[in-house]
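Hi everyone, thanks for coming. I'd like to walk you through one model today, starting with its ligands and ending with its charged pairs. Let me put it on the screen.

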Amino acid sequence: MTSCRRILAALALAALALPAQSAGRDVSPLEAIGWKLFFDPLLSKPRNTSCASCHIPENGFESGVALGEGAYGDTLPRNAPTVVNLADAEFFFWDGRAGSLEEQARGPIENPIEMDLALDEAARRVRDEAAYATAFGRAGINDITIDAIAQAIAAFERGLATGPALFDKWLAGDRSVFNEAQERGRMIFFTRGQCATCHFGPNFTDGAFHNIGTGTADDPGRSKISEDDYDIGAFKTPALRNWKGREPFMHDGRFETLDDVLAFYNEPKTDALGQTELDPLDLSEQDHSDIKAFFETLNGPWPDLAPYEAAWQALQ
Ligand code: HEC
Ligand code: HEC
């Protein structure tokens with residue numbers, strides 16, 4: 001695509017962005033069970049690792065390190081992405097190998113270097129806990145299978161949305177909320193910075209796969225799943241809403257800060273694996289700090305987990 005067409009497409013799609021859902025709604029019984037399971041190390045063979053061990057709420061539901069460790073201390077091959085704002089996502093994992101949150105949840109439980117628990121054993125362990133049996137029963141599920149467990153975890157994750165950010169006020173029509181730097185940064189993001197070619201919509205992701213020059217021979221990304229050479233070096237575009245606290249960035253956590261990311265986009269790698277989609281940007285220092293100012297407007301409140309605890313107690 002030419003830059004001009006890209007920009008027009010980005011502007012049109014940016015206009016479709018809707019504010020994130022705010023918190024404060026009721027927690028369903030299934031979501032409450034999912035919350036309990038998400039924090040329960042019972043789902044790992046040595047009973048020492050829960051989903052929340054790597055998706056830590058205080059770190060934006062990420063691990064806070066480039067490559068985390070599994071139940072036995074093995075280093076993981078990729079950075080843990082967040083689990084918030086995924087309700088509308090179509091693909092999961094950096095290479096999109098899962099097509100739903102239900103399918104995704106099975107992955108880490110049985111992955112030998114993550115939680116290493118056979119799925120039938122996971123179901124048996126949950127079934128044997130009286131508190132889960134009672135809670136699932138109250139949710140109308142009497143047969144606790146791995147499907148039921150995945151369904152509950154997925155329901156919990158689907159409800160995790162961040163609250164409105166300053167950008168949402170701007171989007172709702174109050175243009176006075178941005179200072180000059182934020183407004184300049186917004187323009188760069190949507191026009192000559194070309195960021196919105198891939199980062200657009202409510203969460204600033206197109207949910208698709210792109211080669212931005214971060215692939216390696218060890219990890220070529222999407223092409224291993226799609227078996228399409230076009231996808232060599234492509235990874236899922238991460239959401240930029242509520243980026244703060246989710247450092248380090250990229251599928252391998254190679255960048256510690258937003259400054260590092262912006263420096264990378266300014267001068268894309270020329271020796272990338274496959275064909276990079278990025279053009280050099282020639283951003284000035286002023287542009288760089290303006291984009292950062294705009295990025296500050298994308299952070300809203302993280303989901304409040306207190307209602308889940310209360311909803312779980314109510315099921316007992
Ligand atoms: C040992 C660390 C670890 C544990 C435990 C873990 N995860 Fe993850 N999670 C990761 C990593 C690393 C990835 C990215 C892997 C990849 O892309 O290949 C990931 C990816 C995900 C994604 C995909 C997000 C996206 O945007 O595509 C979801 C959802 C998720 N995990 C939920 C869970 C749930 C639910 C559990 C518990 C059943 C769990 N994780 C347990 C490390 C972990
Ligand atoms: C051609 C599509 C494309 C364009 C254009 C693009 N990005 Fe990205 N962005 C991606 C992909 C794909 C990744 C993930 C790559 C990886 O993990 O190796 C990413 C990752 C990021 C991350 C890390 C987020 C995280 O959670 O790890 C940030 C921040 C980011 N981009 C900001 C920007 C900015 C700012 C611009 C404009 C200067 C931009 N992007 C332009 C596709 C794009």
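Let's begin with the shell around ligand 1, which by class has 17 nonpolar, 7 polar and 6 charged residues. In that count, Ala, Val, Leu, Ile, Met, Phe, Trp, Tyr, Cys and Pro are nonpolar, Asp, Glu, Lys and Arg are charged, and the others, Gly among them, are polar.

Some housekeeping before I go on. This is a predicted model, where local features need pLDDT of at least 70 and side-chain atom pairs count only at pLDDT 80 or more, while totals for chains, interfaces and linings use all residues. Residues are numbered from 1 along each chain as its sequence is written, chains are lettered from A and ligands numbered from 1 in the order in which they are written, and side-chain values use heavy atoms, leaving out hydrogens and water.

Back to ligand 1. It is surrounded by 30 residues, the closest being Cys51, Cys54, His55, Phe93 and Trp94; a residue belongs here if one of its heavy atoms lies within 4 Å of the ligand. For polar contacts, I mean pairs of N or O atoms within 3.5 Å; within protein, one must be able to donate a hydrogen and the other to accept it, and residues adjacent in sequence count only if both atoms are side-chain atoms. Trp94 uses a backbone N or O atom instead, 2.8 Å from a ligand oxygen. Helix 3 (51-54), helix 4 and helix 7 are the elements giving two or more residues to this shell. Helices here are DSSP runs of H or I with at least four residues, strands are runs of E with at least two, and both are numbered from the N terminus. Which helix gives the most? That is helix 4, with 5 residues.

Now the metals. The iron atom of ligand 1 has a single protein donor, His55 through NE2, 2.1 Å away, and His55 sits in the loop between helix 3 and helix 4. Donors are N, O and S atoms within 2.8 Å of the metal (3.2 Å for Na, K and Ca), and since water is not among the atoms, sites may look incomplete.

The iron atom of ligand 2 is coordinated by His199 (NE2) and Tyr265 (OH), at 1.8 to 2.1 Å. His199 is in the loop between helix 9 and strand 1 (209-211) and Tyr265 is in helix 11 (residues 258-266), so the pair ties together parts 66 residues apart in sequence. His199 is buried, at 10% relative accessible area; buried means under 20%, exposed over 50%, partly exposed in between, with a 1.4 Å probe and protein chains only.

Finally, salt bridges: a side-chain nitrogen of Lys or Arg within 4 Å of a carboxyl oxygen of Asp or Glu. The structure holds 16 of them. Arg106 and Asp147 pair at 2.1 Å, N to O, linking helix 4 (residues 101-110) with helix 7 (residues 146-158) across 41 residues. Arg106 is partly exposed at 22%, and Asp147 is partly exposed at 46%.

Glu183 and Arg186 form another, at 2.8 Å. They are 3 residues apart in helix 9 (residues 180-190), so about one helical turn separates them. Glu183 is partly exposed at 28%, whereas Arg186 is buried at 12%.
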